[in-house]
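Me: I'd like to learn how to read a few features in this one. Can we go through them together?

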Amino acid sequence: MQQFPPFWSDPISHLLRQQPDVPVLYLSPQILQATARRFRGGFPGLVTYAVKANDRPEVLDNLVAAGIDTFDVASPSEMAAARRAFPQAVLHYNNPVRSRDEVAAGIANGVASWAVDDPTELSKLADVPKSAELAVRIALPVKGAAYDFGAKFGATPDLAVELLRRVDQGGWHASVCFHPGTQCEDPRAWAAYITEAARICERAGVTLARLNVGGGFAADRCGKVPDLNAVFSTIRAVTDRVFTARTPALLCEPGRALVAEAFTLATRIKGMRAGGRTIYLNDGIYGGLSELRDMGLSRRIRVIAVDGTMRQGAPIPRVVFGPTCDSLDRLPDGLVLPADAQDGDYVLFDGLGAYSVAISTDFNGYGLHDIVSVQRLTGNRNLPA
Ligand SMILES: *Cc1c(COP(=O)(O)O)cnc(C)c1O
């Protein structure tokens, strides 16, 4: 846990001194903890963390310091990571497809809540203690997210009614969960899911103690801060309205929205061709930039020269390749970078804490590994912080 301020004041002071030739992810523990505290203050229920967004110990430790004690885990390895950060961590195992060995690992780890979306998967959970919660995961064709999470997991409403009855008759605590899709900016996606959840419960004749409204909360990808409070108040208002018998307690499991803003990724230009119209970076889609393939461009980019000054030239669109010898290693939309950008400059991407280092591979001997803690993420030579 961060008991004292990080040694480095900001990314640029580190880049200037160390001139790293590998990509570096800069973490502001202060921003990470403040984001978690804001989320806990604003969301009308329990805030848990989806470990897959960023499972690094620095992240888990700081979230624990900010009061997060419950973790959405998808694998035995994520269970271990959460317990390393916080031995009393409460574990929610919300990957609905599990091998028998994984089920046994979940039981051995005392998993408190399990997602389920299919009868064969439910039958694998026969040995789960009745003190546990089994949450039926539902999927609806809703819009609003960067890409659809309902395509892989989630029961139809009819199947959910059936599963919910079976969970209830089996003696477990019945719950409902869903995930509206990641980077979801539209509160109506949650409204649609919560409304359907209430309908399913009514049809099944089951009363919920708790409803899990998933992750999917948006982060700032283009310089516009998403209105999380609008999402929170919609969740509160719709839940109060549609559950008539008893209003369930709420729980959410953000990944992206808790960690994205606490990190800046620094990559480096390692080659230029065609008069600078083509650029090779030391990180790409097999490393920390893999999400650019699915989510489109982040527009929060700064180019910093090796002397620490910020490049201010006119923006020029470039074709951008990553460092590996695979021709697929290309940013689909390229980047728009200042005209005076040069070989050896650093290209900084703000807001890249989620699904960056978590996805990075070692392909071709590259990849994102280094995390450096800093006191703040902004600040450079010609712009006051
Ligand atoms: C990935 C995932 C999350 C976190 O999603 P974000 O979009 O990062 O908030 C939450 N719950 C489940 C079950 C997930 O698979």
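Me: Let's start at the ligand. How far is a polar side-chain atom of His179 from an oxygen atom of the ligand?

Reply: First, the ground rules: this is a predicted model, where local features need pLDDT of at least 70 and side-chain atom pairs count only at pLDDT 80 or more, while totals for chains, interfaces and linings use all residues. Residues are numbered from 1 along each chain as its sequence is written, and side-chain values use heavy atoms, with hydrogens and water left out. As for His179, the distance is 2.8 Å.

Me: How many residues surround the ligand?

Reply: The test is a heavy atom within 4 Å of the molecule. Here 15 residues surround the ligand, with Lys52, Thr182, Glu253, Arg256 and Tyr355 the closest.

Me: What does the record say about Lys52?

Reply: UniProt positions are given in the numbering used here, feature names are shortened, and annotations may be inferred rather than shown by experiment. The unreviewed UniProt entry annotates Lys52 as "modified residue: N6-(pyridoxal phosphate)lysine". Lys52 is in the loop between strand S3 (49-50) and helix H3 (57-65); helices (H or I, at least four residues) and strands (E, at least two) are DSSP runs, numbered from the N terminus.

Me: Is Thr182 buried or exposed?

Reply: Buried means under 20% relative accessible area, exposed over 50%, partly exposed in between (1.4 Å probe, protein chains only). Thr182 is buried, at 3%, whereas Lys52 is partly exposed, at 41%. The Thr182 side chain also makes a polar contact with that of Arg256, at 3.2 Å. Such a contact is a pair of N or O atoms within 3.5 Å; within protein, one must be able to donate a hydrogen and the other to accept it, and residues adjacent in sequence count only if both atoms are side-chain atoms.

Me: And Cys325, where is that found?

Reply: Look in the loop between strand S14 (315-321) and strand S15 (335-338).

Me: Which residues have the most contacts inside the largest nonpolar core?

Reply: A nonpolar core is a set of buried Ala, Val, Leu, Ile, Met, Phe, Trp, Tyr and Cys residues joined through side-chain atoms within 4.5 Å. The largest has 101 residues, and Tyr49 and Phe217 have the most contacts inside it.
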